[in-house]
Amino acid sequence: MRKRSWGFVAAGLLVALLLAGVVSNYASSHPDGLDSSLLKGCTVNADDEITGGSCPAQRARDHELADSPLADYGIRGVDNGFLSTGLSGVVGVLLTFAVGGGLFWLLRRRPADTSGIDGQPAGTDHGPRGDRQPAGTAG
């Protein structure tokens, strides 16, 4: 990768880390449209607890990974909500960058081997005595 490309990637990573680590804390506390649509038909209190009515959200269960270290937009064990959300965003960006970068590294285009027999340029043919002759000519 060229020097200029590395600078672009580093700047993009820095912006992503800043957005995930700081700006994410100022996002809406009700960002998910799916959650709000599942509450239609129910009445909820200020803590978003269902107090009455009938809606699909009443049948919701915890996910199998609800106890994972990065569940629910935070890091388990970090009591400060601002820090927990920011750190989970930073960890998510770094993991995504590592996986994506690893895949790009594995799948990158490598220069094709243009050498022919015995390291000779491709398109040449060895005659009966081992002389190099252009491909397609009789020897």
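This is a predicted model: local features need pLDDT of at least 70, side-chain atom pairs count only at pLDDT 80 or more; totals for chains, interfaces and linings use all residues.

Me: How many helices and strands does the protein have, and in what order do they run?

Reply: Helices (H or I, at least four residues) and strands (E, at least two) are DSSP runs, numbered from the N terminus. Here there are three helices and four strands. Their order from the N terminus is α-α-β-β-α-β-β.

Me: What share of the residues is buried?

Reply: Buried means under 20% relative accessible area, exposed means over 50%, and partly exposed is in between (1.4 Å probe, protein chains only). Of the 139 residues in the protein, 12% are buried. Accessible areas come from the Shrake-Rupley method with a 1.4 Å probe; for residues, only the protein chains shown count as cover. The protein exposes about 11400 Å², and carbon and sulfur atoms supply 61% of that area.

Me: Which residues form the nonpolar patch on the surface?

Reply: Nonpolar side chains (Val, Leu, Ile, Met, Phe, Trp, Tyr) are joined within 5 Å, like charges within 9 Å. In this structure the nonpolar patch consists of Val15, Leu18, Leu19, Val22, Val23, Tyr26 and Phe82, with about 680 Å² of accessible area together. Helix H1 (residues 3–21) gives the most to it, with three residues. Leu18 is in helix H1 and counts as exposed because its relative accessibility is 53%.

Me: Which residues gather in the patch of negative charge?

Reply: Lys and Arg count as positive and Asp and Glu as negative, while His and the chain ends are not counted. The place of a charge is taken as NZ of Lys, CZ of Arg, CG of Asp or CD of Glu. The negative patch on the surface gathers Asp32, Asp35, Asp47, Asp48 and Glu49. Asp48 sits in the loop between strand S1 (42–44) and strand S2 (50–53). With a relative accessible area of 40%, Asp48 is partly exposed.

Me: Where is Asp72, and is it buried or exposed?

Reply: Asp72 is in the loop between S2 and helix H3 (81–107), and its relative accessible area of 73% makes it exposed. Asp72 has a positive phi of about 60° although it is not a glycine. Tyr73 lies in the loop between S2 and H3, and Tyr73 also has a positive phi of about 60° without being a glycine. At 65% relative accessibility, Tyr73 is exposed.

Me: What does Ser84 touch beyond its sequence neighbours?

Reply: Contact means heavy atoms within 4.5 Å. Not counting residues up to four places away in sequence, Ser84 touches Tyr73, Gly74, Ile75 and Val78. Ser84 belongs to helix H3 and is buried, at 7% relative accessibility.

Me: How far is Asn25 from Tyr73 in sequence and in space?

Reply: They are 48 residues apart in sequence and 9.9 Å apart in space, C-alpha to C-alpha. Asn25 is in the loop between H1 and helix H2 (33–38). Leaving aside neighbours within four places in sequence, Asn25 is in contact with Gly81, Phe82, Thr85 and Gly86.

Conventions
Residues are numbered from 1 along each chain as its sequence is written. Side-chain values use heavy atoms; hydrogens and water are left out. Patches are made of residues with over 30% relative accessible area and no salt bridge: like charges are joined within 9 Å, nonpolar side chains (Val, Leu, Ile, Met, Phe, Trp, Tyr) within 5 Å. A salt bridge is a side-chain nitrogen of Lys or Arg within 4 Å of a carboxyl oxygen of Asp or Glu.
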